[in-house]
Amino acid sequence: GINTCEELINLNKDIHIPGIKDEKLQAIIAQASIQKASEGLIQPLFEIKDHPDQEFTGLRMLPPHSDSDVFFDIEGFPLESGGLEYLWGCAYFDEQGKRCFKDFWAHDSDQEKRAFHDFITWVYERWQNNPAMHIYHYASYEITACRKLMNRYGICENEVDQLLRNEVFVDLYKIVKTA
């Protein structure tokens, strides 16, 4: 029997409506209240809600900033037999706070092995020097490539394992998708 926002807003706070959970009803009333209060405004009012049941989703998944953080992207060439990870790009800040870019290139499997080794050695040492460091990447490709090359060449197993187990890699796609 509720036909208007005002009727919904003015409901007795202790009312129980069969088929609607009490907390859901309160959320609907709050939504109606903010919609009603926004009438005639150029920009609607809004309220940022805390979602304790979603503690580790969206932007809450971001770890604290570290001056040693690395932003990593890898490019692969799938037409080569077994694929070729040919470019490993890393943006980071040096000790003076200057933005830097480090790249590792490969034109064949020997260079790919070397690029993988050099990249893992570099980020692992950086992490050892600052355990608060994270490696930010987008989607699963970078992790998949590291695992593939670790297995293909039988190198850097301990370092990759430690970086993965300690959640040093941060997938920004998962964060954006749930934000």
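Let's start with a pair of neighbours: strand S2 and strand S3 (residues 99-105) run antiparallel to one another, joined by seven bridges. Keep in mind that this is a predicted model.

S2 spans residues 84-93, and most of the strand is covered, with seven of its 10 residues buried. On its other pairing, S2 meets strand S1 (residues 70-77), again antiparallel, through eight bridges. Here Glu75 sits opposite Leu87 in S2.

| Hairpin | Residues between the strands | Glycine and its positive phi |
|---|---|---|
| S1 and S2 | six residues | Gly82, near 80° |
| S2 and S3 | five residues | Gly97, about 85° |

Now zoom out to the whole sheet. Which order do the five strands take? They run S3-S2-S1-S4-S5 in an open sheet, and the pairing is mixed. S3 and strand S5 (169-171) are the edge strands, each with a single partner, so one side of each has no neighbour in the sheet. From one strand to the next, the twist averages 25°. As a general point, strands of a sheet pair through backbone hydrogen bonds, either parallel or antiparallel.

Helix H3 (residues 109-129) lies across S1, S2, S3 and strand S4 (135-137), and it runs at about 25° to S2.

Methods:
Residues are numbered from 1 along each chain as its sequence is written. This is a predicted model: local features need pLDDT of at least 70, side-chain atom pairs count only at pLDDT 80 or more; totals for chains, interfaces and linings use all residues. Side-chain values use heavy atoms; hydrogens and water are left out. Buried means under 20% relative accessible area, exposed over 50%, partly exposed in between (1.4 Å probe, protein chains only). Helices (H or I, at least four residues) and strands (E, at least two) are DSSP runs, numbered from the N terminus. Two strands pair if DSSP finds at least two bridges between them. Axes are lines fitted to C-alpha atoms, for helices over the stretch in contact, and angles run from 0 to 180 degrees between N-to-C directions. Contact means heavy atoms within 4.5 Å.
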